[in-house]
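Dear colleague,

Please find below the structure that I am handing over to you.

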Amino acid sequence: MDRLKLKAVLGSHPHVQAVKGGELRSDLFDLDFIEYTPTNTAFKPMVREQAFDVCEMAIVTYLMAKAHGKPLVLLPATMLGRFQHSYALYNPSHGTLGPSDLEGKRVGIRSFTTTTGAWIRGILANDYGVDLDNIRWVTFEDPHVAEYVDTTERAPKDKKPLQMLIDGELDAVLGETSNDPRLKPLFPDPATEAAKWYARRGVVPINHLVVVTERLATSRPDVVAGVYDLLKRNKAQVGPAATPDLAPFGIEANRKPLELIVDYAFQQALIPRRYAVEELFDETARGLN
């Protein structure tokens, strides 16, 4: 049987370098990597056109794609997980602002449907009692999933979130970090807040996993399992996972973060119902660990 050549997009994470560099290979297929910088710019063509065979994808983008019947299959292989508390900023020159003070304020975010945004809004709503509907959301990009109807205010085309925050046109920005001394984190001590949140929830917020096309999953489940195995071998090569593991592999290792982000995405009307974790995977992916 001829070796398959698969078009693939993965970010430059330490635990995929051996796969991307060709040191780790499969007997069944070759991965032809296409670079997208930042990686999230590959999500739209993957959702809308299935432009690649294998692609890193933000979990909220996948959940929304699933809700709209896109032919994609999720693998329980986390590419990027991180605590989100440091990805929220405000400008102290306009007064002190904390996470509980956002109602009635103008808050900027790249797109309302970003995964980092969904995590932070979930934290604001569920841990700080913020009514998300009482925030004036200002966005800069379309959602990756074209069918989603975005009702937020759109920033002028030439504007950037951090510059609008510096100029006083926004009260806070989610999903961005900055070393600019004029800006401060919305959560006063993000590392301490994240540690407390983890102690309470026991969840690492996962941002990006891996998807394959339904076409590949249906025609060559052995290849899909091979892709997962290759990525898992690379992760094992990098050495023992940090504690907590920011890139968990396997359905059980990802169960709690998946349950929580599904909950947050449903609360925020990004998806029409809560999905059970098993529903997020096909038969082949459910057999991966």
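The notes below go from the overall fold to the domains and then to individual residues.

Please bear in mind that this is a predicted model.

Overall fold

The secondary structure of the protein consists of 10 helices and 11 strands. Along the principal axes, the C-alpha atoms occupy a box of roughly 65 × 40 × 35 Å.

Of the 289 residues, 53% are buried. Among contacts with a separation of 6 or more, 77% are between residues 24 or more positions apart.

Surface and charge

The accessible surface amounts to about 12900 Å², and carbon and sulfur atoms contribute 49% of it. The protein carries 34 positive and 38 negative side chains. The centres of these two sets are 1 Å apart.

Domains

The domain assignment divides the protein into domain 1, made up of 4–82 + 204–287, and domain 2, which covers 88–201. Taken over C-alpha atoms, the centres of domain 1 and domain 2 are separated by 26 Å. Domain 1 brings 28 residues to the contact, and domain 2 brings 23 residues.

Backbone details

The peptide bond that joins Thr-37 and Pro-38 is cis, with omega at about -10°. Pro-38 sits in the loop that runs between β2 (29–33) and α2 (43–49).

Gln-50 is a residue other than glycine with a positive phi, near 50°. This residue is found in the loop between α2 and β3 (54–58). Is Gln-50 buried or exposed? Its relative accessible area is 19%, and the cut-off for a buried residue is under 20%, so Gln-50 counts as buried.

Ala-269 likewise is a residue other than glycine with a positive phi, in this case near 60°. Its place is the loop between α9 (251–267) and α10 (283–286). The relative accessibility of Ala-269 is 54%, and because exposed means over 50%, Ala-269 counts as exposed.

With kind regards

Conventions
Residues numbered from 1 in each chain as written. Predicted model: local features only at pLDDT ≥ 70, side-chain atom pairs only at ≥ 80, totals over all residues. Heavy atoms only, no water. Helix = DSSP H or I, 4+ residues; strand = E, 2+ residues; numbered from the N terminus. Buried < 20%, exposed > 50% of the residue type's maximum accessible area, 1.4 Å probe, protein only. Contact = heavy atoms within 4.5 Å. Areas by Shrake-Rupley, 256 points an atom, 1.4 Å probe, with all protein chains shown as cover. Lys, Arg positive; Asp, Glu negative; His and termini not counted. Charge placed at Lys NZ, Arg CZ, Asp CG, Glu CD. Domains from an automatic or database assignment.
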